[in-house]
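Here is a short briefing on one protein model. Look at the structure first, then read the points below.

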Amino acid sequence: MAACTVLVTPLLYVNKQSSLFYYKACNIHRQCVTKKISTSVSRCSSQADPQKKSRPHELVGVVGLEIHAQIQSNTKLFSGSKVGFSAPPNSLVSFFDASLPGTLPVLNRRCVEAAVMTALALNCTINKKSFFDRKHYFYADLPAGYQITQQRRAVAVDGQLAYSLLGGRKRNQIQSRTVRIKQIQLEQDSGKSLHDDQRSQTLIDLNRAGVGLMELVMEPDMSCGEQAAAAVRELQLVLQALGTCQGNMSEGQLRVDANVSVHRPGEELGVRTEVKNINSARFLSRAIDYEIQRQIEALGRGEAVLNETRTYDSKSGHTIPMRDKEGLQDYRFMPEPNLPPLVVYEDRGSVPAGLLGAEGVVVLEGLREGLPELPSVKRARLVRSYGLLPEHSFTLVNEDGLMEYFEAVVKETRKEPRKLIGWVTNELLGHLKHHNLSVSKCPVSPSALAELLELQEAGHISSTVAKQVLGEMWRDPGRRAPEVVREQDLGLVCDSSDLQRVCQRVLDSHPDLVRALQEGNKKVLNRLMGLVQKETKGRADPVLVRSLLEEKTS
Amino acid sequence: MLGIHQIYGRRRVQLNIILPLLCRYYYASRTDNMLSTNVKTLRKTRNTPSRPVTVARLYSSNKHNSKVPKVPTWEPLGEDRIPSLPQVSSDLVDKLERLALVDFRTKEGLVCLERAIRFADHLNMVDTTGVEPMDSVLEHGQLFLRGDTVTEGDCAEKLLPLSNTTVEEYFVAPPGNIPLPRREERASMLKHSEF
């Protein structure tokens, strides 16, 4: 079956023009590797930086996001069919998902719990009673002709997401920000359409039809692409920590639409455009910045910004208008007649007697207690208990599994965590990035790295040699540090007489430096130490070399 | 089963099938929120006893406590009491056609639409003063929640044959988002249909 799929797929491409049905894009990225959002690269223009007081008549961007997060559950929102990513087409479809007459929706408790947990983590107010509505539109991958969603009263409202981005010239200043969450609603996902333009037909796969989504609506509290990307990254980490959504943008588990407008601070918001079809955080940032710039330029030329839907073309880096909406869309919302209100209880005491002990009840108390450690708490703990810098805590939490790796290394060595962090965030992460590996695939285990750092801490090898040994261990995963040091004779030269000779040779061949040092230029000492290390291939004990050189030149 | 695309396509369909549908679209398009029309006109059933009523129906000719009146109790409204039909504008027909994905821009179709509107206008005669709007008979109930266990699916061999056209394991639908004919083209379509 998989082979058949492959035969068909090359003929198809995702329709980028679909103006109303934006979910359908970003579908066929099965081979893509998830790209993590980097919060360390700034594309945020100065206008968005409150540090630099922007002139009041200058136009600034205003960005709000609508995020669809696919709920991580075994079964769909209203049917008992399986949720899965790359299954054979139409294999994960029940009669209800295919909208056969006479089928009725039965809500999945897990999906409600996931939305409630997410809402609690984002400090939302949970509506104890919420309603489902039908939103009508015709599209072939929505077989019922309507989507069940929450329009009148969503499951949660009025939350906030705190996120941070690295600012300043050295990218080491933490800027903390908050974006308000307007609401979180439960709704059904649609199926997938594959457009075959040559044969003028659309192929429909309903495997995704009816999968549970949480739609998170963020208020327009952001002002540039970098902020939006950082907020989405933080949300992604929160969702992953909660286990309510896998958060993989390239697989469409997290889909972001951006509402972008520009205005002069203090004045009312400008006309907004909606940018859709953004399937990575990097593109999100670029698309938003491009769109802000485009609107500023258009207004500068005396043109108006149209309220339109635009799509992001990742090749050109531009946003392009999608086909005209032909006037305002009319979704004809109506209350879903088949579903009574969804009730969530504060504690077990408030559950009606008849329902106590019943499985089909969602109680806030238990869910609140079961919330895992959230990324912001993790970072605070890392800074507090290991004395790390905030930017290091970001690196550790941002990279999946890196914090656990770091903590494992800390446990196995006497080296101070603060001295150790560079090895994890620079050396190890550098190797991982270079080989495009995740932490879980790292060939050097935490204990192997700990062993290497122990050697350095104990003064057996220099830090230069330690880096060299790490490279050796990376190339040949089975090998341990002591073995490499022994075989290649990399141990620190502590023998005073050997070093005496080397130092003397260096001093003899650089009389100018010696003179400078004697005239009081202390910096020259470092230069001389470097020359000695070069001679010994980094194996000399720096403390010893320093004292020898000082002794000889004084 | 693939939505209205496949059921109706852009073909002509028997108008009496879609009459109620059109009627709904008409009202939906007249007011921004369909609730306001739909809901206000429904009387809220209050003071209904919540205790269960024992009903013995099988093999029984006993009287039971039915909520259904034995005899119909309507009185026909005089045509003059129904508000007169506003002119259905060409733009409104455009919008209805687009929302319903049904072509009915024929003389016969327009008459049918007008009759549907007139029929639905009877509801405006119901006095709803002081009645709290209601949007579902289930509004005092609460949802049953099921466990997250796979119980269905894997029935492509039953579902796929229901579709007219399939390719491998996919359903086949016409390309989506077909632009509607331009206004002038539509006007000429109407003219021709008047024969």
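**Domains**

Chain A is assigned domain 1 (2-334), domain 2 (399-487) and domain 3 (496-553); the bounds come from an automatic or database domain assignment. The C-alpha centres of domain 2 and domain 3 of chain A lie 30 Å apart. This is a predicted model, where local features need pLDDT of at least 70, side-chain atom pairs count only at pLDDT 80 or more, and totals for chains, interfaces and linings use all residues; side-chain values use heavy atoms, without hydrogens and water. Residues are numbered from 1 along each chain as its sequence is written, while chains are lettered from A and ligands numbered from 1 in the order in which they are written.

**Helix pair**

- Helix 15 (residues 523-535) and helix 16 (residues 542-553) of chain A pack at an angle of about 120°, with axes 10 Å apart.
- Helices are DSSP runs of H or I with at least four residues, and strands are E runs of at least two, numbered from the N terminus.
- Axes are lines fitted to C-alpha atoms, for helices over the stretch in contact, and angles run from 0 to 180 degrees between N-to-C directions.

**Three-stranded sheet**

- An open sheet of chain A has three strands in the order 4-17-18, with mixed pairing.
- Strand 4 (129-130) and strand 18 (362-363) of chain A are at the edges, each with a single partner strand, so one side of each has no neighbour in the sheet.
- Strand 17 (residues 342-345) and strand 18 of chain A pair in the parallel sense over two bridges; pairing needs at least two bridges found by DSSP.
- Val344(A) stands opposite Val362(A) of strand 18.
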